[in-house]
Amino acid sequence: MIIRNLSKRVETIDDFCHLILLDKLYLQKLVRLCPLHYIEIPFKKKDGTPRPIRAPKEKLKIIQRVILDNLLSCIKLPPCCYGFSKGKSIIENAKAHLRGDYLLNLDIKDFFPSVHYTKVEKIFLGMGLDRDFTNILCNLTTHEYKLPQGAPTSPKLASVVLHNLDYRLLKLAQSNHLTYTRYFDDISFSGNKRIITLEKDILRIIREEGYSVHTSKDKKKLFAKNETKEINGILLKDKKLSLKNIDELFSYVENINRHGLSRLITDNPEKERQSIAGKISFLRQIDPERSHKLKVLYDFIEWL
């Protein structure tokens, strides 16, 4: 993990209060009442199990964005991580696997709920912040001792926590001449036939790091040589990319536009926002008119 030196103005609680223009006592009161500063967005997992998306109210969300922009932005993620900066879109992630004969996709289960308060605490302490400031930051970025799906800080914090997993999987890929990337909670390996025999090792490493993967019979995870491959709705064929189903994408965005974020197919709003934006950008290259219509629908969605 590479961390740049923090700005002097955000090393202490007093510096942070000065940055967000809040009195220290008021901030401490806000921290105590943090559980009341969340709303629940109805959401059901693919198996029908309800899991509401917990999103911060406006005041807390602004503070979380300050934490993201002024503290967490100092943490540099490994090059295998996509979805967090310019040039790391869902399209760039798919491009990384264009030359592979075989492709393996795995989806980390409970991406945010798996990250406990203690793991977040280690991040802030590791940045050299004192315990009092760390406790405040942890309370501002967790809900019920876990990362809330709708907080702007959650994707970056979850990815920083996965640093050791990324390191181990990247090392395994490189030693077997494979390509490894992670787009939020989606893991992909591509390359030669060794992927087939390495799947057990990959799953073992994921378990050892305290995570598990989704096991869905409906979603193909292993693609063989000469097959049309797919990553996050992006098709890979003859070393070219294409969108899987543009009409389906239109219907999906229109549904979210009309009915809100409860119609998302994932409980990770930021991942979905970036994924759709990336697909619209890609569509602009091949069908500018349809891309514009889709962008209009997308822009009217009330994202968190």
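A residue is termed buried under 20% relative accessible area, exposed over 50% and partly exposed in between, with a 1.4 Å probe and protein chains only. The model described here is predicted: local features need pLDDT of at least 70, side-chain atom pairs count only at pLDDT 80 or more, and totals for chains, interfaces and linings use all residues. Residues are numbered from 1 along each chain as its sequence is written, and side-chain values use heavy atoms, with hydrogens and water left out.

**Domains and core**

The domain assignment gives domain 1 (75–236) and domain 2 (245–300); such bounds come from an automatic or database domain assignment. The contact between the two takes 16 residues from domain 1 and 10 residues from domain 2, where contact means heavy atoms within 4.5 Å. Taken over C-alpha atoms, the centres of domain 1 and domain 2 are separated by 23 Å.

A nonpolar core is defined as a set of buried Ala, Val, Leu, Ile, Met, Phe, Trp, Tyr and Cys residues joined through side-chain atoms within 4.5 Å. The largest such core has 92 residues, and those with the most contacts inside it are Phe16, Phe124, Leu140 and Phe189. Both domain 1 and domain 2 give residues to this core, so it lies between them. In soluble globular proteins, nonpolar side chains tend to be buried together.

**Helix H1**

Helices (H or I, at least four residues) and strands (E, at least two) are DSSP runs, numbered from the N terminus. Helix H1 spans residues 13–20, and its buried residues are Ile13, Phe16, Cys17 and Ile20. Seen down the axis of H1, these buried residues fall within an arc of 100°, so they line one face of the helix; the arc is that of the directions from the helix axis to the C-beta atoms. Their cover includes helix H2 (24–32), helix H3 (58–70) and helix H6 (131–141). Just after H1, Leu21 takes a positive phi of about 60°.

**Salt bridges**

The structure holds 19 salt bridges, each being a side-chain nitrogen of Lys or Arg within 4 Å of a carboxyl oxygen of Asp or Glu. Some of them are listed below.

| Pair | N to O distance |
|---|---|
| Glu58 and Lys61 | 3.5 Å |
| Glu208 and Arg168 | 2.5 Å |
| Arg168 and Glu209 | 3.0 Å |

Glu58 and Lys61 are three residues apart in helix H3, separated by about one helical turn. An α-helix has 3.6 residues a turn, so residues three or four places apart point the same way. Glu58 is partly exposed at 49% relative accessibility, whereas Lys61 is buried, with a relative accessible area of 16%.

The bridge of Glu208 with Arg168 brings two 2.5 Å partners together from distant parts of the chain: Glu208 is in helix H9 (residues 194–208) and Arg168 in helix H8 (residues 163–175), 40 residues apart. Glu208 is partly exposed, with a relative accessible area of 46%, and Arg168 is also partly exposed, at 24%. Arg168 in helix H8 is likewise linked to Glu209, which lies in the loop between H9 and strand S9 (222–223), 41 residues apart in the chain. Glu209 is partly exposed as well, with a relative accessible area of 22%. Arg168, Asp201, Arg204, Glu208 and Glu209 are linked in a network of salt bridges.

Five strands form an open sheet of mixed pairing in the order S5-S7-S8-S6-S9; two strands count as paired if DSSP finds at least two bridges between them. Strand S5 (81–82) and S9 stand at the edges, each with a single partner strand, so one side of each is left without a neighbour in the sheet. S5 and strand S7 (residues 179–183) run parallel and are joined by two bridges. The bridge partner of Cys81 in S7 is Arg182.

Tyr180 also lies in strand S7 and is buried at 4% relative accessibility. Tyr180 and Cys80 are 100 residues apart in sequence, yet 6.5 Å apart in space, C-alpha to C-alpha. Not counting residues up to four places away in sequence, Tyr180 touches Cys80, Asp166, Leu169, Leu170, Ala173, Ile187, Ser188 and Phe189. Phe189, in turn, has contacts beyond its neighbours within four places in sequence, among them His97, Tyr102, Leu103, Leu104, Ile195 and Ile202.
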